[in-house]
Amino acid sequence: MMRRRLIALALGLAGQAAAAAEPVAVPLWPNGPPGADPRRDAPEIVENSYVRAVHRPSLTVFRADPAHANGAAMIVIPGGGHRMLVWVNEGVMPARTLNRFGITVFVLKYRLAREAGSIFQIERDAVADARRAVRFVRAHAAEYGVDPHRIGLMGFSAGGELVSRVADAPAPPLAPDADAIDHADARPDFQVLIYPGPLGIPAPAATGAPPAFLAAGTLDACCADPSITLYQQLRAAHVSAELHLFADTGHGFNVAMHSERVALQHWPDRLADWLGDGGWLVRGGGARATPDSTTK
C-alpha cells in the first residue's frame with residue numbers, strides 16, 4: 001500500500017512538473033493594445049505552422065528546466081514578411097533550442113502590417129509590440145525568475161527588423177497614459193539578428209547599442225547585405241558584434257532543422273558560445289563588452 005502511495009505521489013509530482021513546463025501565453029496589454037481596432041476580439045488564425053490575424057499581441061513563455069536555468073531571458077520574434085508569423089520554425093523551435101542553454105524564452109506574437117486588409121503599421125504597431133515585450137519581461141523579471149539586466153531580443157527576417165528598430169534606435173517619448181510597464185527600459189541587454197530584413201538598417205542609433213550576434217547566408221538576396229551593413233556600423237561604433245555568414249546558403253534556415261549542412265546545424269552552438277563569452281549565461285554576469293586584453 002505504501003509503495004502504491006509513493007508511486008502515485010511520484011506520478012503526481014511528475015505531472016505537475018510537466019504542466020509547469022507547458023508554454024503559457026500572456027497578453028502584452030491586459031485589455032488589448034492602445035488605439036482603435038474594430039477586430040480587437042477576432043481570434044487568431046493558425047494555418048499549419050503559421051499564425052495570422054494577431055490583434056492582441058502576446059508572449060508565449062517557454063521556461064528553461066529549473067535544473068539548469070541560469071536567469072537569462074530571450075524574447076524571440078518570428079519572421080514572415082509582416083504578413084504572417086513563422087510560428088514553429090522561427091518561434092517554438094528556437095525557444096526549445098535556447099531552453100537547452102538554460103535560457104527562459106518569450107516568443108512574441110505581434111501585429112502584422114502587410115497582411116491582407118491590415119490596419120496596422122510596422123513602426124507604429126509591430127515595433128511598439130516588440131518594445132513593449134522588452135519592457136514587459138523586464139517589469140516581470142522576478143515573476144519569471146530572470147535577471148532584468150540579462151534580457152536579449154532575437155529576431156528572424158522580419159523579426160530581425162523589429163530587433164534593430166528597438167535595440168539600435170531611440171524609443172519615442174512615452175504617451176501621457178503610459179502604464180507602469182511602459183516606464184521600464186525598452187532596450188535589450190543584447191541582440192541577436194538572424195537573416196534580418198533591411199528595415200531599420202543602417203541603424204539610426206548604433207552608438208551605445210547592445211552587443212550583437214548576426215547570422216545570414218551568403219546567397220540571401222534579401223538579408224545578407226543588411227547583416228553586413230549593421231555589423232560594420234556596430235563595429236565602427238565600437239559595439240561588440242559578431243557576424244557569421246554561411247557559404248552557399250539562402251534565406252530562412254531558421255535553426256537548421258531541415259538542413260543537411262553541418263555548419264548550419266551547429267549555428268545555434270555558435271550563438272551559445274557567444275552568449276557564454278559575453279557572460280550572459282552566468283548569474284550576475286553580462287555587461288557591455290570591452291576589448292579582450294589578449295588582443296592588445
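What does the protein chain average in pLDDT, and what share of the residues score at least 70? The chain averages 89, and 89% of the residues reach at least 70; pLDDT, for the record, is the predictor's confidence in each residue, from 0 to 100.

Two housekeeping remarks, friends. This is a predicted model, where local features need pLDDT of at least 70 and side-chain atom pairs count only at pLDDT 80 or more, while totals for chains, interfaces and linings use all residues. Residues are numbered from 1 along each chain as its sequence is written, and side-chain values use heavy atoms, with hydrogens and water left out.

Where pLDDT is low, the predicted coordinates should not be read in detail.

On to a sheet. Helices (H or I, at least four residues) and strands (E, at least two) are DSSP runs, numbered from the N terminus, and two strands pair if DSSP finds at least two bridges between them. Here we have an open sheet of three strands in the order E2-E3-E6, with antiparallel pairing. Its edge strands, E2 (45-47) and E6 (85-86), each pair on one side only. E2 meets E3 (residues 50-52) over three bridges, and Ile45 has Arg52 as its bridge partner in E3.

Next, the aromatics. Rings of Phe, Tyr and Trp (its six-membered ring) pair if their centres lie within 6.5 Å; planes under 30 degrees apart are stacked, over 60 edge-to-face, and the rest tilted. That rule gives eight aromatic pairs. In one of them, Phe106 and Tyr144 are edge-to-face, 5.2 Å centre to centre with 85 degrees between the planes. Phe106 lies in strand E7 (residues 104-109) and Tyr144 in helix H4 (residues 141-144), so this pair links parts of the chain 38 residues apart. Phe106 counts as buried because its relative accessibility is 0%, and Tyr144 does too, at 9%; buried means under 20% relative accessible area, exposed over 50%, partly exposed in between (1.4 Å probe, protein chains only). Phe190 and Trp280 have ring centres 4.8 Å apart and planes at 40 degrees, so that pair is tilted. Both of these residues are buried. Ring pairs also link Phe156, Tyr195, Phe246, Phe253 and Trp267 into a cluster.

Last, charges over rings, meaning NZ of Lys or CZ of Arg within 6 Å of the ring centre and within 35 degrees of the ring normal. Lys109 puts its charged end over Trp87, 4.8 Å from the ring centre, and Arg111 does likewise over Phe120, at 5.6 Å.
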